[in-house]
Each structure stands twice: as structure tokens, then as C-alpha cells.
Amino acid sequence: MADRNDNTDQPSPFAVRKISWQGLKTTLDLFRYLKPYRVTFFIGLVFLALSTGTSLAFPKLIGSIIEVIEGKSKYTINQITLFLFFILICQAIFSYFRIYLFTKVSELAMTNIRSDVFTKIITLPIAFLEQRRVGELTSRITSDVSQLQGLLSFTLAEVFRQIATLVIGISILFYTSWKLTLFMLATFPVLVIASVFFGRHMRRLSRKAQDELAAANVVVEETLQSVHVVKAFTNEPLEVNRYKTILKRVVDLSLYAATFRGGFVSFIIFALFGGIVGVIWYGAGLVQAGEFGLSDLFTFILYTTFIGASISGMGDLYAQINKTIGASERIFEILEETPELTLESAENAVASPISGQIVYKDVHFSYPSRKDLPVLKGISLQINAGEKIALVGYSGAGKSTIVQLLMRFYDYQSGEIRIDGKLLHTYGLSELRKNIAIVPQEVMLFGGTIYENIAYGKPAASRDEIYDAAKRAYALEFIDSFPEKFETIVGERGVKLSGGQRQRIAIARAILKNPKILILDEATSSLDAESEKLVQIALDELMKNRTTIVIAHRLATIRKVDMIYVIREGRIAESGSHQELTVLDNGLYANLIKLQFENAETN
Ligand SMILES: Nc1ncnc2c1ncn2[C@@H]1O[C@H](COP(=O)(O)OP(=O)(O)OP(=O)(O)O)[C@@H](O)[C@H]1O
């Protein structure tokens, strides 16, 4: 939990900024995802234009009814009302198709963006992914893409409608009476300036509140993730207080923002209606002077309301577009990264035919996130095909790092790693990794059935192969003890398997993968005697005929290996067989054995 508040160096997703051309270009670039659906999109645009047009016809038609009342029209009230209904029906139909088509296009395009972003994330090197928080990457796929979808399904239509309302509305008004239009327009600058000024300040405040809310969510997320730790330390009150403190900041900020929003809305209502009252006052004078018909005044007032509403909504649209640009940039950032492999190459990869001889020669390495800190300082070792070696040493010595380099999770800086005499990077990534299986310390089970979890080792495996793997991993006895057997759901929402059972699932996975090279990261926590025995037999079965590197914690495994390498501070301090190393005077291994395995030996 040490890194719970380390998000300070990440730019806030709600940071306030101006719309930049570069950002706008990025957003437009993402429009290429619309390309496959351009015909549907275009038809949607036509419906958008039609529905905007019909809604703009309303004020005119209502004006026409007044004309009938004034006796200045050649139509009857019924005729015009009928026409109004006709327009209403048209508008309903147009709006329906506009919404349906835009939603269809945006859903399809967003699905493509989401799967592209996910594909990119999953094919990026571990070094890149390690530097990001999981939550941050998830939010790119969820909220950032949703924001973009909002632009397509809603904001775009609104921008179009409001601009059309402004242009067409003001043109009709000029045509009706230029004097009154100029009078009306004179009241607008006040509205515009106020809405820009207040709008900017309010956005800043609401973004701060959103930031705080996001921080509050992080507390919930992290507390739930580490709920065992929280409860073990009886720190429930501490977590609740932490949450409450942030919530209070959210409320304070929101209330402060509300005073501005309240003031702003009041002002807008006052200014908008004040403007309308002004227009009525000036227009009524014109009607009295005979310069202007009553119906025209009616039409005029309705259009003015439309236009006023459009202008006051502009600030909101600006904010939406701004947010969308931010979201697009974050999506692009991921899409532009260079992946370590392509999905196609991974799909078509077959394990390169190797025998499994491994050579490390003077390998130096430091992690990309801590370049100045050498972790491996000249590792040299040789493992012949089918041999078993153990890496032992204190925590943090570099044992896991040695095997991570073999999987090419990271690239070493100098020295050489060869498999069957060929340099590691001459193998394709997937072809290499298909040759290696890892049984990790902490076995991760995916939500799903036991069957699916074993099949993870070889998704194309037949039922027989999976049963056989489970049998050879000594997992059948516990799988059969569940009523649903292989169909038992495990993972977050399913049955909780014990440490030993999880390990046997991992062993079954590895058996199914059938690799030439096996990496065994033994669990430090000991299992009960019965589980331990079963796991050990299963491991022995798995290690047969495979080059095996064990990160060893158990005496039972260490005794059986051909060679032990003792790692200290990134170097090989001692190497030899168990017998050779235990007799070394003041030897590191002898000490380790004494410390770690004293109990095991006496058992
Ligand atoms: N992803 C990483 N980024 C930066 N530093 C790392 C990373 N992983 C490990 N290290 C550092 O590299 C050093 C060696 O770690 P490594 O995990 O290889 O040790 P280990 O011998 O396997 O320890 P353990 O037995 O506890 O797993 C440690 O100092 C660790 O802090």
C-alpha cells in the first residue's frame, strides 16, 4: 500500500486547459474509426439536419397561427395546426433515426477503439505497463472511450444544432426586422462574456471536485483490494476516517462551486429574460407604430429564446469538447506506443525447436525504472539440456530477475544469454515464450471453471489432454471431491482453493504446455505435510526431461538439482552441489540452509 498516493506525477485527467489545434487534430484523427461506417454516419447527419430544420420551423408556424388570428392569413387555424402536427411527426421520425444511426455508428466505432486499445495494452512490454497504474490503464478503455462516444452520439449533434440555430435563427430574424434584431443582439455580448467568465471558473472548481472524488474512489478501491490487511491490523476506523476526510473536501469544494453556479444560473435567467423583456418592450413599440405585425413579434420572441438557449449552452459544449480532446489524447498516447509483439505473430507462433541448453555470460542488468541501480552484476552460468539447477539467496538478491530475463520480460544491458547456442533475441518473442513454462509462487486463477484454468496452459487442448494433465499434476483427487468437478467455478467469485491446490493447477497448466524449459518459483510459505508431498511428486513429474531453473526455498527440491547457484547482490557467490556447498566453511549457502531449513531438517 506504499504507493497509494503516488499519482502526483500523473497529469490529472481533469486538468483545466484550452482547446489546442494539436488536440483537436488528435480527436479528428480518431474519426478514422468512423470510416467503415461512413455511409451510416452520413445518413445520420442528413437526419440531424432535417430534425434541426423542423425544430426551427416551429416559431415560424406559431407566428402563422397568430397571423390567422389577426386575419392576415390565407390559411385556417385547422390547416396550420394540421401542418404543425405533420412537422411534429416528421421531427419525431427524423430524431428517431438520427439517434439510432449515431448510436449505432458510435457503438461500433467505440468497440473497435476499445479492442484496439486493449490489444495495444496487452502487447506492450512489461516495462511500460509497470510504470502505469492498473486503474489508469483501465480508465482509458472505459471512461476515456465513453467520453469520445459522448462526442459522437450527443455533443456533435448539439454543436450542429446550436450553430444551425444561431445562423438560421439570426438570418430569419434579420429578415423579419433588422432593427429589432440589432437591438436583441446588443444584449447578447453581456450574456456571452458572463457565460465565458463564470463558465471557466466553475469548470475549474468542478474539475477539482472530480479530482477529489477520484481520490476518494482510490481509497475505496485500495481498501477493498487489501481488505485482509486492513482487518488484520484492525484499521477499519483509519480507513473510514481517510475516506471521510476526502469526502469532506469533495463536499466543501462542491458547495463552493454551487455558490458560483447558483449565481451564474440566476444571472443567466435574469439576463436572458431581461433581454426578452427588452425585445418585447422595443418590439411592442414597433407593433404600435405599425412597423411590425403581432405575429412577427411572436415569432421573433420565440426565435430569440431559441438563440439565447443556444448561446448559454455553448459553454457546456466547449467543456465537453475540451474533455473529449483530453480523452482522445490519452487514448492516442496508448495507441502510438510500440508493442513488443503483434497479435498475429502471437497467434501463429509455434515453439522454436530447441533442446533447452541455456548459457548466461557476464549478464548485467538494471530495471528500466531504476536505471542507476544495477541488479545483476555479471551473471555467468550454464545449464545443459535437461539439467536442473537451483537459484538460492536472500530476498532481493536478483533470483527472479535472472529468470525474467530468460522470458525476455526485460532486455539485459550487456553480456549474453543464449539458448541452444543462439542469442536470446534471435528467437521470436512468442516462439521463445512458448518453450518456457513458469510455476509461480502465487498462482493466479482466472474467474472461470477449473477446466478453463488448466486449459490456460494450452487453449487448444482436448478434453483428454486436460484430464491427463490434471492427473499427472495430482490434482484429480481434489477436483473430484467438488460436486461440480472440473466445472467448479474458481477465482474471485468461486470456490477458494488452498495454496497446494492452486499450485497443482499451475503444475497441470505447465504439463499441458509441455515446454522444454521450466521455471519453478517455489512458494516460501510452507504447505501442510500431505499437500507438500503431493505437490512435490507432481513437480518431480513435471521436471522430468526438462531444463529446470528452480528459485528454491524447499530442501526437498534443492537436494535433487544438479547444481546450486547462490546469488548475492546480483552476483554468483557460490556454486556447486548441495553436499559441496554445505561443507564450505563460513559459506553463504551453509548459512542459508542453517537459517531457512533448520526446521525442515528436523521434521
Ligand atoms: N520491476 C522492478 N522494477 C525495479 N526494480 C525491481 C523490479 N523487480 C525487482 N526489482 C529490484 O531488483 C532487485 C532484485 O529483485 P529480485 O526480485 O530479482 O530478487 P529475488 O532474489 O528474486 O528476491 P525474492 O526472493 O524476495 O523474490 C531488488 O532490489 C528489487 O527491489
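The structure is a predicted model, in which local features need pLDDT of at least 70 and side-chain atom pairs count only at pLDDT 80 or more, while totals for chains, interfaces and linings use all residues. Residues are numbered from 1 along each chain as its sequence is written.

**Domains and annotated segments**

The domain assignment, which is automatic or taken from a database, gives domain 1 (20–175 + 327–340), domain 2 (178–291) and domain 3 (387–394 + 424–602). The centres of domain 1 and domain 2, taken over C-alpha atoms, are separated by 24 Å.

An unreviewed UniProt entry places the feature "transmembrane region" at residues 39–59, 80–101, 180–198, 264–285 and 297–319. UniProt positions are given in the numbering used here, feature names are shortened, and annotations may be inferred rather than shown by experiment. Two of these segments are described in the table. Helices (H or I, at least four residues) and strands (E, at least two) are DSSP runs, numbered from the N terminus.

**Strands**

Strands of a sheet pair through backbone hydrogen bonds, in either a parallel or an antiparallel sense. Two strands are said to pair here if DSSP finds at least two bridges between them.

Strand 3 (residues 388–392) is mostly covered, with 4 of its 5 residues buried; a residue is buried if 20 or more other C-beta atoms, placed from the backbone, lie within 10 Å of its own. Strand 3 pairs in the parallel sense with strand 10 (residues 547–551) over 4 bridges, and alanine 390 has valine 550 in strand 10 as its bridge partner. Strand 3 also runs parallel to strand 11 (residues 563–568), joined by 4 bridges; here the bridge partner of leucine 391 is tyrosine 565.

An open sheet is formed by 4 strands in the order 2-1-4-5, with antiparallel pairing. Its edge strands, strand 2 (376–383) and strand 5 (422–423), each pair on one side only. Within this sheet, strand 1 (residues 358–365) and strand 4 (residues 414–419) are linked by 5 bridges in the antiparallel sense, and histidine 364 has serine 414 in strand 4 as its bridge partner.

**Ligand surroundings**

The ligand is surrounded by 13 residues, the closest being Tyr367, Ser395, Lys399, Ser400 and Thr401; a residue is near a molecule if its C-beta atom, placed from the backbone, lies within 6 Å of it. Helix 11 (residues 399–406) supplies the largest share of this shell, 3 residues.

Terms used
Buried ≥ 20, exposed ≤ 12 C-beta atoms within 10 Å, placed from the backbone.
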